[in-house]
Amino acid sequence: MRIMRYIGKRMIFIGPQLLGIILVSFFLVKLIPGDPAVMMLGPMASESTLEELRADMGLNLSVPQQFLIYIENLVLHGDLGRSWQTTRPVTEDLFLRMPATLELITLGLILGLLIGVPLGVGAAYLKRGILAKFSDYYGLLAGALPDFWLALVLIFFFYTILGWVPPPLGRLDFFTIPPPTITGALLIDSLLDGNWQALSSAAGHLILPVLTLGLISGGPILKMTQSTMDRMLESDYSRYEEMCGLPKAIIIRHALRNSLPSVVTIVSVLYGFLIGGAVLVEIVFSWGGAGQYAVQGVLNADINPVLGFVFFSAVLSLIIYLIVDLIYFAIDPRVRG
Amino acid sequence: MTHISDDDADARATNPDASDPDAHVGRRPSTIGGRAQVFLQGFRFLLAVLRARPMFAVGYGIVVSVIVMAIFAPLIAPYPPETANPTDFLQPPSWRHLLGTDATGMDIFSRIIYAPRIDLTIAIAGTAISAVVGSLIGATVGYYQEVGGAPSFFSGVVMRSADVLQAFPVFVFAIALVAIFGQSLQSIIAAIAFLNIPIYLRLMRSQVMSIRRMRFVEASYVAGTPDRFIILRHVIPNSMAPVLAQLSVNIGWSVLLTAGLSFVGAGVVAPTPEWGSMIAMGFQNIITGQWWPSVFPGIALAVTVFGFALVGASVEVLADPARRRALSGNMRQHRAKES
């Protein structure tokens with residue numbers, strides 16, 4: 001019951017938080033210079049048609065009025081406006097692109113966990129060994145490498161030289177028929193559809209971007225695991241276990257169990273960051289993800305996609321933080337109280 | 001640490017109660033000879049640290065050489081950095097062009113040498129502005145947080161605004177800021193400063209909230225010192241340590257962000273030598289096998305960020321009394337082994 005009350009308390013704050021984020025981002029992107037009407041119709045359009053379009057899009061109203069209309073559409077109809085670049089409703093575009101981004105960063109973070117947690121545990125346990133040294137450098141290096149550059153280097157090795165992976169152009173080969181959209185994540189959709197060709201093609205295209213994100217995000221996960229494990233292994237209960245002569249594996253397992261909350265925290269922070277932060281990797285692989293969509297929007301004064309993206313990622317971050325809190329409840333008996 | 005100990009010593013001289021991480025530095029020596037001696041001691045300590053942790057030396061070496069490279073770029077670079085030579089395009093690395101040429105025939109080695117001029121200027125200026133502004137706001141907010149009444153209310157408003165700012169997707173936010181201010185050096189600096197302010201705000205606030213309760217601050221308050229003076233003179237100098245540790249790491253991060261902005265075309269514009277835009281220019285060539293236009297600038301970028309991260313790590317160790325003690329223990333072991 002405690003957990004229900006806790007979630008309820010969180011829900012109260014979600015509304016105002018979202019409103020604040022939309023408010024700030026609305027006035028922010030409205031400051032981006034560039035007239036969408038001119039961009040849509042081209043420089044040759046007459047003043048009267050431009051004026052008509054502006055009136056149609058509500059651009060001749062004052063900015064606060066436009067904001068009220070935007071909020072009204074969002075709350076009453078779930079409508080985030082249209083992108084003039086794709087000429088489609090932003091919600092549709094985002095429902096198409098967000099899963100692409102989420103599939104990418106979820107797999108990337110899983111790989112990051114597979115790299116970071118074992119290395120972190122090993123480095124914390126064997127403090128003076130080669131593993132600890134390697135972990136130190138890996139952590140620093142992962143923080144120093146630009147992800148878009150790492151992606152290019154991986155493309156060079158695995159595509160240009162070795163030819164092991166498909167070209168970095170999107171999520172599927174050109175001639176592959178995409179599976180019907182159910183979740184939007186191609187791996188899951190093609191599995192559900194039983195479409196093995198699409199599955200292998202999607203998996204092939206995922207390898208390099210996932211590897212890039214996994215290698216980079218492995219760094220912070222490793223550092224967090226290492227420092228928490230360090231603290232746990234130094235703590236009284238671990239020393240006591242050691243004195244009692246318990247096997248190493250059990251001592252490590254208990255320490256790891258107690259380090260999990262901070263690992264979960266760093267993963268959630270990375271997840272929230274990567275929703276927008278994976279955009280450079282998306283661009284390198286022509287992924288067609290949500291971040292790329294938003295960046296295109298900013299560069300072309302197409303504000304609805306930008307606002308929609310900010311809204312979507314804010315909602316997603318809130319959902320992620322909520323899930324994280326639920327995980328805390330599941331793994332940390334102290335929170336349950 | 002040595003360069004702030006002057007202010008620190010001052011604060012301590014007036015407030016013997018200050019929590020004191022560098023007790024051994026003591027009072028400011030009055031004679032010139034005494035000063036030189038302290039300086040020499042500090043220098044020796046630094047050397048000993050570098051011997052115990054050679055990676056820190058590598059970090060300092062990288063940072064110094066990148067800065068020297070930027071300053072003396074015209075003397076080092078064999079070719080002008082922005083002159084295209086269409087007959088010499090996409091040459092692989094050779095003695096004539098050490099790191100090859102890009103698709104327009106510009107010499108990559110020369111451009112890499114010139115690039116830190118832009119990258120470091122943006123990163124250092126952006127970080128410095130955000131550190132000063134963020135620390136000042138953070139100190140004020142932290143100081144007034146628990147006073148009650150209007151000041152506390154405004155502190156709360158500032159913190160909630162920082163929450164909202166940090167909820168934005170960093171990269172999209174940065175690009176939007178550059179788009180608003182127009183694509184210039186100043187606007188990239190402004191965007192980076194803006195993004196970093198919440199970091200320093202939070203760091204400083206949490207420090208100040210604990211320092212504020214200390215007796216020397218209360219004593220100063222009772223003595224009738226104006227708040228502004230207490231904050232600037234007593235509170236800020238005593239809470240600088242974590243901010244200083246953050247600075248170097250943050251510079252590296254800002255270099256990465258600048259490069260990322262240039263990579264999507266929202267940062268430094270093409271012919272100007274900048275690592276991110278150089279990587280972007282070589283993007284198309286890498287698929288056809290010409291790796292050098294992208295790979296070398298990336299290595300330069302990574303090495304630079306790596307260097308700043310190491311310097312940041314060293315400051316973190318030196319600013320933390322417990323870890324410094326551990327390090328001194330290490331150093332003694334070293335000496336024992338040598339003798």
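Modeller: Two residues are in contact if their C-beta atoms, placed from the backbone, lie within 7 Å. This is a predicted model, in which local features need pLDDT of at least 70, side-chain atom pairs count only at pLDDT 80 or more, and totals for chains, interfaces and linings use all residues. Residues are numbered from 1 along each chain as its sequence is written, while chains are lettered from A and ligands numbered from 1 in the order in which they are written.

Biologist: Thanks! Leaving aside neighbours within four places in sequence, which residues is Gly134(B) in contact with?

Modeller: Start with its place, which is in helix H5 of chain B; helices (H or I, at least four residues) and strands (E, at least two) are DSSP runs, numbered from the N terminus. The C-alpha atom of Gly134(B) is 8.9 Å from that of Leu203(B), 69 residues apart along the chain. Beyond four places in sequence, the contacts of Gly134(B) are Asn196(B), Ile197(B), Ile199(B), Tyr200(B), Leu201(B) and Met204(B).

Biologist: Is Gly134(B) buried or exposed?

Modeller: We count other C-beta atoms within 10 Å of a residue's own, placed from the backbone: 20 or more is buried, 12 or fewer exposed, and in between partly exposed. Gly134(B) has 24 C-beta neighbours inside 10 Å, so it counts as buried.

Biologist: What share of chain B as a whole is buried?

Modeller: Chain B has 14 helices and zero strands. Among its contacts with a separation of 6 or more, 67% join residues 24 or more positions apart. Of its 339 residues, the buried share is 43%.

Biologist: How do H5(B) and H13(B) pack: roughly parallel or roughly antiparallel?

Modeller: Under 35 degrees counts as roughly parallel, over 145 as roughly antiparallel, 65 to 115 as roughly perpendicular and the rest as oblique. Here helix H5 (residues 108-144) of chain B and H13(B) lie with axes 10 Å apart at an angle of about 30°. Therefore H5(B) is, relative to H13(B), roughly parallel.

Biologist: How many nonpolar residues are in the contact of H5(B) with H13(B)?

Modeller: On the H5(B) side we find Ile108(B), Ile112(B), Ala115(B) and Pro116(B), facing residues of H13(B) that include Trp292(B) and Phe296(B). Ala, Val, Leu, Ile, Met, Phe, Trp, Tyr, Cys and Pro count as nonpolar, Asp, Glu, Lys and Arg as charged, and the others, Gly among them, as polar. The contact has no charged residue, one polar, and a nonpolar count of nine.

Biologist: Which element gives the largest share of the side of chain B that touches chain A?

Modeller: The contact takes 38 residues from chain A and 34 residues from chain B. Helices H6, H7, H11, H12 and H13 of chain B each give two or more residues to that side. Its residues divide into 28 nonpolar, six polar and no charged. The largest share, nine residues, is given by H13(B).

Biologist: Over in chain A, is the crossing of H5(A) and H6(A) left-handed or right-handed?

Modeller: The axes of helix H5 (residues 90-125) and helix H6 (residues 130-144) of chain A come within 8 Å and cross at roughly 130°. That angle makes H5(A) oblique to H6(A). A crossing is left-handed if the near helix is turned anticlockwise from the far one by less than a right angle, and right-handed if clockwise. For H5(A) and H6(A) the crossing is left-handed.

Biologist: Which element of chain A has the lowest mean pLDDT?

Modeller: pLDDT is the predictor's confidence in each residue, from 0 to 100. Chain A averages 85, and 99% of the residues score at least 70. H5(A) has the highest mean among the elements, 91, and the lowest, 70, belongs to helix H15 (residues 333-336) of chain A.

Biologist: What is the phi of Thr87(A)?

Modeller: Thr87(A) sits in the loop between helix H4 (63-77) and H5 of chain A. With 9 C-beta neighbours inside 10 Å, Thr87(A) counts as exposed. Thr87(A) is not a glycine, yet its phi is positive, at about 55°.

Biologist: And is Ser286(A) buried or partly exposed?

Modeller: Ser286(A) is in the loop between helix H12 (279-284) and helix H13 (290-299) of chain A. Its phi is also positive, near 45°. Because 14 other C-beta atoms lie within 10 Å, Ser286(A) is partly exposed.

Methods. Axes are lines fitted to C-alpha atoms, for helices over the stretch in contact, and angles run from 0 to 180 degrees between N-to-C directions.
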